[in-house]
Amino acid sequence: MPDQSIPQTRSPEATRGTPGPLDSDNPGAATAPEGVSRRRLLGTAGATGLVLGAAGAAAGYAAAPSSAATPLTSLGSERAMFHGKHQPGITTPMQARGHLVAFDLAAGAGRKEAAALLRRWSDTARRLMAGEPAGSRDTDVARDAGPSSLTVTFGFGHSFFGRTGLEKQRPVALDPLPDFSSDHLDKNRSNGDLWVQIGADDALVAFHALRAIQRDAGAAARVRWQMNGFNRSPGATAHPMTARNLMGQVDGTRNPKPGEADFDRRIFVPEEPEAGKGGPAWMANGSYVVVRRIRMLLDDWEELSLKAQEDVIGRRKSDGAPLSGGSGATESTEMDLEKTDGSGELVVPINAHARITRPDQNGGAAMVRRPFSYHDGFDADGVPDAGLLFVCWQADPLRGFVPVQRKLDRGDALSQFIRHEASGLFAVPGGAAEGEYVGQRLLEG
């Protein structure tokens, strides 16, 4: 897990008011327009009241501005764009809160109902990502907030195509994943006709979007499963840095980055897909996402010594530097896989997770991993139900996720401390152009 997740969290100071990419990770992100939406106007007034409230609540309300409010300057002002070449939520920097939810079409619902649903969902996502109310039935849950980097991403599962009579349009790359020895999958929390990923830097904004999407489903679809996750909030560290997972490990050192020469080739389906390689044409500029609920056996992990934990991963826990590096090594120091210690033993163990997951150890296989941590309480024995909502993106899972997971299956030291409990694979089409809804080229093509 540590060597291929999204590499950095953002600093609001570094990204606020910056047009275009954020930390080179979000080609779809941009600043909000100068016009202040109803939610942003109210959000600014609310923030002013809170600041003044430190001196006295009555004074806070009395001093509230009576004219145009000052634009939001907190992380609430960050906005990702709905329309674009790719859907948002793929290269967008990691958000503090996330919801993953799968739907099954209702009995009798087909292509017509699916098209109407995607049209509703796309309109709702566009509104909410702009910091606007969802519509006339808005619940006001996020009334006081700005966009807060909200993204909503939509995908289609293998079963969707049979339900809608579109079997001939189902991509070869969407064939079911093979079985892995580490799988202990709950079928009720796996797969689904439709998949939605919601991310935001504010928990209420994320929940507001989740509720709006669920309400929009109406009689056309029902929730199959839903999972909630979190990450470190932007600005929580003194400087932008790679995130940590619930094992305490720096997680995301070698993630592919937008701007690298082969990034688009590895992550996105080309505009003119080759037969059998990511097609059909409606998937142009899209991607394939593998979703796995990976439980971390934290009680067992935390019993290990620091050295044992570092040997399992192959990196120092303190700063993510490779074990093969010296005292001056950093997270970005190249790992020396051949280095040995005084007794002739490999410094980075042969079964270390960071060694096994390297692209150069897997025929160049790479994927953008953009996970959320989760904690769903404790079981009857007091064991935490916590871990990683693994979300990875690639142009073809047979060349991205599958070869790496097969390699891990054969001897990853981390495998005895994790358990794969749910799984899904979804085709995520390219972004919607102005006036389009997501999936329109499939459903109306």
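Is the crossing of helix 4 and helix 6 left-handed or right-handed? Let's find out on screen, keeping in mind that this is a predicted model.

**Stop 1: two helices side by side**

Select residues 111-129 for helix 4 and residues 203-217 for helix 6, and colour them separately. Turn the view until you can look across the pair, and you'll find a right-handed crossing. The two axes run 9 Å apart, and the packing angle is about 160 degrees. Angles over 145 degrees count as roughly antiparallel, which is why helix 4 gets that label relative to helix 6.

Now show side chains where the two meet. On the helix 4 side, pick L117, R120, W121, T124 and L128. Facing them from helix 6 are H208, A209, A212, I213, D216 and A217. Sort the residues of this contact by type and you get seven nonpolar, two polar and two charged.

**Stop 2: the largest cavity**

Helix 11 gives the largest share, with five residues.

**Stop 3**

For the last stop, select N231, A243, R244, D251 and P371. These sit nearest the centre of the second largest cavity, and ten residues line it altogether. The space here comes to about 70 Å³. Colour this lining by type as well: four of its residues are nonpolar, four are polar and two are charged.

Methods:
Residues numbered from 1 in each chain as written. Predicted model: local features only at pLDDT ≥ 70, side-chain atom pairs only at ≥ 80, totals over all residues. Heavy atoms only, no water. Axes fitted to C-alpha atoms, helices over the stretch in contact; angles between N-to-C directions. Helix = DSSP H or I, 4+ residues; strand = E, 2+ residues; numbered from the N terminus. Parallel < 35°, antiparallel > 145°, perpendicular 65-115°, else oblique. Left-handed = near helix turned anticlockwise from the far one by under 90°. Contact = heavy atoms within 4.5 Å. Nonpolar A, V, L, I, M, F, W, Y, C, P; charged D, E, K, R; others polar. 1 Å grid on protein atoms, 1.4 Å probe; cavity = no way out; pocket = protein on both sides within 12 Å on 5 of 7 lines; lining within 4 Å. Points joined across faces, edges and corners; volume = space filled by probe spheres on them.
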